[in-house]
Amino acid sequence: MTAHRFTLSVPATPTAVTAARHQAVDAIGGWDAGLSTGVVHTAELVISEFVTNAVRHAAADPVSLCVRLDEDALRIEVCDACPEMPQPGLPDPYSESGRGLFLVAVLTDRYGAEPTAIGKRCWAEIDLPTSPDQQIAFSLLSQRSC
């Protein structure tokens with residue numbers, strides 16, 4: 001499989017989240033890499049969560065997004081200028097926010113955050129199914145409804 005890469009820099013504004021999500025999903029679809037719908041939807045959620053957190057907490061331009069596809073995984077990275085590391089956890093049951101990083105942890109195979117020279121990088125990786133059995137199981141999981 002050919003490696004693919006999409007990068008985007010957006011201002012730290014609420015409209016940046018929608019723009020980043022749509023442009024990244026369009027780019028991923030244009031790669032014609034045979035990614036399952038589940039992988040693309042998971043990537044879309046991760047991009048939304050990471051960019052939203054960067055815009056909400058960093059409040060400094062720019063926020064950069066990088067999506068890379070190689071033979072084994074789809075990697076999503078969002079960098080911002082805020083050095084404060086995210087604190088994943090579950091909020092109380094009545095809170096209207098604070099569940100995003102928990103969802104990222106559940107839906108991706110690996111995730112984390114690391115300091116950079118000017119702030120931090122939040123990243124997540126989604127492993128690609130390598131066998132027909134894994135693809136079937138992944139498809140069944142992504143079709144489950146609540």
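**Close-ups of a predicted model**

**View 1. The whole fold, end to end.** Going along the sequence, the protein runs β-α-α-β-β-α-β-β-α, with helices (H or I, at least four residues) and strands (E, at least two) taken as DSSP runs numbered from the N terminus. That gives four helices and five strands. This is a predicted model, where local features need pLDDT of at least 70, side-chain atom pairs count only at 80 or more, and totals for chains, interfaces and linings use all residues. Residue numbers start from 1 along each chain as its sequence is written, and side-chain values use heavy atoms, leaving out hydrogens and water. Of the 146 residues, 38% are buried (under 20% relative accessible area, 1.4 Å probe, protein chains only).

**View 2. Helix H1 against helix H2.** H1 (residues 14-30) and H2 (residues 37-58) pack at about 155 degrees, their axes 9 Å apart; axes are lines fitted to C-alpha atoms over the stretch in contact, and angles run from 0 to 180 degrees between N-to-C directions. The pair is therefore roughly antiparallel (over 145 degrees).

**View 3. Who touches whom.** On the H1 side, residues including Val17, Arg21 and Ile28 meet H2 residues, among them Glu44, Ser48 and Val55; contact means heavy atoms within 4.5 Å. The residues of this contact split into 12 nonpolar, two polar and two charged.

**View 4. Zooming in on Ser48.** Ser48 sits in helix H2 and counts as buried because its relative accessibility is 16%. Setting aside neighbours within four places in sequence, Ser48 is in contact with Val17 and Arg21.

Definitions and conventions:
Angles under 35 degrees count as roughly parallel, over 145 as roughly antiparallel, 65 to 115 as roughly perpendicular and the rest as oblique. Ala, Val, Leu, Ile, Met, Phe, Trp, Tyr, Cys and Pro count as nonpolar, Asp, Glu, Lys and Arg as charged, and the others, Gly among them, as polar. Buried means under 20% relative accessible area, exposed over 50%, partly exposed in between (1.4 Å probe, protein chains only).
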